[in-house]
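Please find below a short note on the model under review.

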Amino acid sequence: MTLLAHDRYCDEITEQVRLFRAVITSGADLSATVPTCPDWTLEELVRHTGGALRWVELLVRTRAQEEIPVEQVPGAEGPRARGDAAALDAWLAASGEAVAAALREAGPDTRVWTWSGTHTTGFWARRMTHELVVHRADAALAAGQPFEVGPEVAADAIDEWLETVRFMQRVLPDAPVGELRGPGRSLHLHATDTAPGLNAEWLIELTGDGIAWRRGHEKATVALRGPLTPLLLAFYRRLPVETPGLEVLGERELLDLWLERASFG
């Protein structure tokens, strides 16, 4: 598993914000319910995403060594007017520009508070890339628009999700994700439309200590196969596994258990 370069993550933040903004300015109904986040409208999804960008920008720019409450982040609430696509678009653009600039200036190794075990600015560059990828998918689904993401970024998003599951199992052993344990059970993810050099396959083993995972083609209790973008979205519970093009082989119950328990994002 190889991380993308820090500058690549910064570039992707800028690009994912640009693509997210295209949904906002396409005439999409900002009051529409987001099917994958049913407690939010499309506008609330945008405000959540932009607020997260501004929160991380403040953490990085100030080299914060402890968590900053989001209530203390200037501009995190977004435009005062509701239903104003132009104002929302401009605010999201400024939010993306600010966090990308702060991350570039800091570089990947500057120490800063994070909620993870990795207390560097590089963590936030990667995390916000994939926060944007997945919430852009939420926005596209709410607007009835197509969604695609580059293969390197999609594969890295799966890597990061698996690392997050493993981390949460350690720090929250009594949470639902802690139930994903026990020897002799495994899952395999297999992207069917990528170049061999990407190695876009994963084996996830449920051990007694938590999950262990690695890239590669290996037999498993259950496998989920299909093109990489829908594979990623199904793994994030943004698409059903019955989506055309996806295929489940083996014990479907284990896949369902995984999707139910690893659902904190």
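1. Which helix gives the most to the lining of the second largest pocket? Helix H5 does, with six residues. Helices H1 (6-24), H4 (121-143) and H5 (151-171) each supply at least two residues of that lining. Helices here are DSSP runs of H or I with at least four residues, strands are runs of E with at least two, and both are numbered from the N terminus.

2. This is a predicted model, in which local features need pLDDT of at least 70 and side-chain atom pairs count only at pLDDT 80 or more, while totals for chains, interfaces and linings use all residues. Residues are numbered from 1 along each chain as its sequence is written, and side-chain values use heavy atoms, without hydrogens and water.

3. The second largest pocket has a volume of about 410 Å³. Of its 21 lining residues, Ser116, Thr118, Phe123, Arg126 and Glu163 are the closest to the centre. A pocket is an open set of points, on a 1 Å grid over the protein atoms alone, where a 1.4 Å probe fits, with protein on both sides within 12 Å along at least five of seven lines; lining residues have an atom within 4 Å of a point. The volume is the space filled by probe spheres set on the points.

4. By class, the lining comprises seven nonpolar, seven polar and seven charged residues. Asp, Glu, Lys and Arg count as charged, Ala, Val, Leu, Ile, Met, Phe, Trp, Tyr, Cys and Pro as nonpolar, and the others, Gly among them, as polar.

5. H5 also packs with helix H6 (residues 228-235), at an angle of about 25 degrees and with the axes 10 Å apart. The two helices are therefore roughly parallel to each other, a term for angles under 35 degrees.

6. An open sheet of five strands has the order E5-E4-E3-E6-E7, with mixed pairing; strands pair if DSSP finds at least two bridges between them. E5 and E7 (247-250) are the edge strands.

7. E4 (residues 201-207) and E5 (residues 210-215) pair in the antiparallel sense over six bridges, and a hairpin of two residues joins them. Tryptophan 202 has arginine 215 as its bridge partner, and threonine 207 stands opposite glycine 210.

Definitions and conventions
Axes are lines fitted to C-alpha atoms, for helices over the stretch in contact, and angles run from 0 to 180 degrees between N-to-C directions. Angles under 35 degrees count as roughly parallel, over 145 as roughly antiparallel, 65 to 115 as roughly perpendicular and the rest as oblique.
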